[in-house]
Amino acid sequence: MMQATHPLPRYALVTPARNEAAEIERTIQCMTRQHHLPQKWVIVSDGSTDGTDEIVARYAAQYAWIQLVRMPERAERSFSGKVHAFNAGQRELAHLPYEVIGNLDADISFEPDYFSFLMGKFRDNPRLGVGGTPFREGDKQYDYRFTSIEHVSGACQMFRRECFEQIGGYQPIKGGGIDWVAVTTARMRGWQTRSFTETFCHHNRPIGTAEHSVLAARFRQGGKDYALGGHPLFELFRAAYQATSRPYFLGGLCLLVGYVHAGLSRRARSVGPELLAFHRAEQLGRLKRFARLQARGSALS
């Protein structure tokens, strides 16, 4: 006699969206094709002025599980605004008996089995606190030699409800790193986190190709790495790795300069001492594993 298959967990989604008219319809269409639909998907228009609201409202009128929440237009832009928008959406879900809650970006696309795949992972592993997949921009994807498989991209982060409540949800960090802090805190609290590489989503927003914007982004990333407590040795290795891809050398140099500049400027840390220590221990552990693999490869050659 065949055993009954356990049903997939119920899930709900929140999407903070600010002026996403160029991409959000593609994301909505991907959601409407899902084999396993959410109980509710709240799209929070964070002061959009470009027609985002009209696109979402049109689909919300057609699908009862899509809801539009409008927030007032604001002049200041900061990463913490995403948290306030997410919290506004989460309040609309309070009455629902979902088991998994997700943050879904408004500019990604994915296959019809994307969420049934992810919910299957939560069903099969009760200790999975945060799950997701890699995302691709064109033909580019994370290199998991320097990005841990335990990191879950903010493009689509799915949290077991108990885990999300235990870490206190997303924290409003003005300088960025909101998604990273949530995932790392979950591991620090004993939950498993994982990016499942069997599938992926596409990040559709065009990325800048001018070299100066890439260098500026690397400089800002170095500063953010410092603020989030990154270990200096790990940052040095990360800069060396970045130097091997376009714009070569300068990209890695800008990353390192951004990190050092933040330190010399005594930039405030975005994390507390407990999370900082946990993060650095993880980074050193990855460096040790990488060194062992390299040594083993050299011995075999």
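Tutor: Helices (H or I, at least four residues) and strands (E, at least two) are DSSP runs, numbered from the N terminus, and by that rule the secondary structure of the chain comes to 10 helices and 10 strands. The model is a predicted one, in which local features need pLDDT of at least 70 and side-chain atom pairs count only at pLDDT 80 or more, while totals for chains, interfaces and linings use all residues. Residues are numbered from 1 along each chain as its sequence is written, and side-chain values use heavy atoms, with hydrogens and water left out.

Student: What makes the radius of gyration of the chain agree with that of a compact globule?
Tutor: The radius is taken over C-alpha atoms, and the globule rule is 2.2 Å times the number of residues to the power 0.38. For 301 residues the rule gives a value near 19 Å, and the chain has 20 Å, so the two agree. Along its principal axes, the C-alpha trace spans about 60 × 55 × 35 Å.

Student: Why is Ser80 called buried?
Tutor: Buried means under 20% relative accessible area, exposed means over 50%, and partly exposed lies in between (1.4 Å probe, protein chains only). Ser80, which is found in helix 3 (residues 80-91), has 12% relative accessibility and therefore counts as buried. Val44, in strand 2 (residues 40-46), is buried as well, because its relative accessible area is 0%. Of the 301 residues of the chain, 48% count as buried.

Student: How do you know that helix 6 is largely enclosed by the rest of the structure?
Tutor: In helix 6 (residues 178-188), 11 of the 11 residues are buried, so we conclude that the helix is largely enclosed. Among these buried residues are Asp179, Trp180 and Arg187. After helix 6 comes Gly190, whose phi is positive, near 100°.

Student: What makes the phi of Asn19 worth a remark?
Tutor: Most residues other than glycine have a negative phi. The phi of Asn19, however, is near 55°, a positive value in a residue other than glycine. Asn19 sits in the loop between strand 1 (11-17) and helix 1 (24-32), and its 32% relative accessibility makes it partly exposed. Phe249 is not a glycine either, and its phi is positive, about 30°; this residue belongs to the loop between helix 8 (232-242) and helix 9 (250-264).

Student: Why is Phe249 called exposed, while Val257 is called partly exposed?
Tutor: Phe249 has a relative accessible area of 55%, so it passes the limit for exposed. Val257, which lies in helix 9, has 40% and therefore falls in the range between.

Student: Which residues form the positive patch?
Tutor: Lys and Arg count as positive, and the patch is formed by Lys288, Arg289, Arg292 and Arg296. Arg289 lies in helix 10 (residues 273-300) and, at 45% relative accessibility, counts as partly exposed.

Methods. Patches are made of residues with over 30% relative accessible area and no salt bridge: like charges are joined within 9 Å, nonpolar side chains (Val, Leu, Ile, Met, Phe, Trp, Tyr) within 5 Å. Accessible areas come from the Shrake-Rupley method with a 1.4 Å probe; for residues, only the protein chains shown count as cover. A salt bridge is a side-chain nitrogen of Lys or Arg within 4 Å of a carboxyl oxygen of Asp or Glu. The place of a charge is taken as NZ of Lys, CZ of Arg, CG of Asp or CD of Glu.
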